[in-house]
Amino acid sequence: MATVTRNQLSIARYRSKAAGYDASAERTMPLRRRTIALLQLQTGQTVLDVGAGTGLSYALLRDGVGPEGRVLAFEQSPDMFALAQARVQREGWTNIWHTNEPAETVQLPALADAVLFNYTHDICRSPQAVRNILRQVRSGARVAMAGMKLFPWWTGPLNLLPWLKNWPYNANPGGLRQPWRCVASHCDDFRWQGTQWGMGYIASGIYRGDVR
Ligand SMILES: C[S@@+](CC[C@H](N)C(=O)[O-])C[C@H]1O[C@@H](n2cnc3c(N)ncnc32)[C@H](O)[C@@H]1O
């Protein structure tokens with residue numbers, strides 16, 4: 001029997017989710033704004049949107065880097081990426097470079113000055129993916145993250161809720177105690193705080209430049 005890889009499983013999951021994704025993500029827009037604000041983007045910077053999905057962060061990232069700046073992005077699901085492409089075409093944005101490739105092997109056209117991991121649990125759980133991304137990021141870059149996590153351990157069975165919410169979206173759904181761990185291990189001044197009553201997190205740090 002052929003083995004389905006985690007990437008293939010994720011692509012299959014997003015095939016059915018792509019069409020309704022933007023509507024389902026609408027209520028998390030304030031959190032997205034807060035996470036992007038942690039990047040403290042400046043005019044002319046190059047910002048990387050990791051696992052960019054349908055490109056829901058593109059407008060906010062463009063606002064941050066201005067017309068002189070650039071947004072780089074990648075997304076492995078052809079269904080999600082098609083919607084990101086349609087968005088860029090519809091808006092006529094010219095300073096976005098994006099590609100339909102996985103985090104584990106993507107090659108960016110330039111080093112990034114800032115990196116966004118917004119709800120990219122599978123990518124954050126893969127040391128290979130994190131290393132491939134960070135070796136294409138400038139030392140000292142700001143890193144911002146958001147996603148789901150477990151409630152504190154003492155809440156016991158309540159943790160079924162984040163687990164069940166997380167499972168349909170992620171092919172590698174474990175590691176919900178500290179989902180930021182792999183990225184944080186390459187950052188200085190890494191801080192996180194709980195969101196959504198403890199079922200989510202928002203975090204930021206400064207990339208140490210230790211992946212070559
Ligand atoms: C929950 S969505 C978040 C999308 C986007 N970051 C956002 O904020 O709307 C997770 C995305 O990560 C993508 N993804 C998962 N594993 C990936 C990988 N190994 N390489 C690239 N993209 C991946 C999925 O296809 C999906 O579009």
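Q: What makes Asp 210 and Arg 208 a salt bridge?
A: The closest N and O atoms of Asp 210 and Arg 208 are 3.5 Å apart. A salt bridge is a side-chain nitrogen of Lys or Arg within 4 Å of a carboxyl oxygen of Asp or Glu, so the label applies. This is a predicted model, in which local features need pLDDT of at least 70 and side-chain atom pairs count only at pLDDT 80 or more, while totals for chains, interfaces and linings use all residues. Residues are numbered from 1 along each chain as its sequence is written, and side-chain values use heavy atoms, with hydrogens and water left out.

Q: Why is Asp 210 called partly exposed?
A: Its relative accessibility is 36%. Buried means under 20% relative accessible area, exposed over 50%, and partly exposed in between (1.4 Å probe, protein chains only). Asp 210 therefore counts as partly exposed.

Q: Which residues are linked with Arg 208 in a network of salt bridges?
A: The network links Asp 188, Arg 208 and Asp 210. Arg 208 and Asp 188 meet at 2.9 Å, N to O. That pair links distant parts of the chain, 20 residues apart: Asp 188 is in strand β6 (residues 187-195), and Arg 208 is in the segment after β7 (200-207). Helices (H or I, at least four residues) and strands (E, at least two) are DSSP runs, numbered from the N terminus.

Q: Why do Arg 208 and Asp 188 count as partly exposed?
A: Arg 208 has 35% relative accessibility, so it counts as partly exposed. Asp 188 has 38%, so it gets that label too.

Q: How many salt bridges does a search of the whole structure find?
A: Six. One of them pairs Arg 15 with Asp 79, with the closest N and O atoms 3.7 Å apart. Arg 15 lies in helix α1 and Asp 79 in helix α4 (residues 78-91), so the pair ties together parts that are 64 residues apart in sequence.

Q: Is Arg 15 buried or exposed?
A: Arg 15 counts as exposed, because its relative accessibility is 51%.

Q: Why does Arg 32 have no salt bridge?
A: The nearest side chain of opposite charge, Asp 49, is 6.1 Å away. Lys and Arg count as positive and Asp and Glu as negative; His and the chain ends are not counted.

Q: Which residues come nearest to the ligand?
A: Of the 23 residues around the ligand, these are Tyr 21, Arg 32, Gly 51, Glu 75 and Asn 118. A residue is near a molecule or strand if one of its heavy atoms lies within 4 Å of it. Helix α1 (6-25) gives the most to the shell, with four residues.
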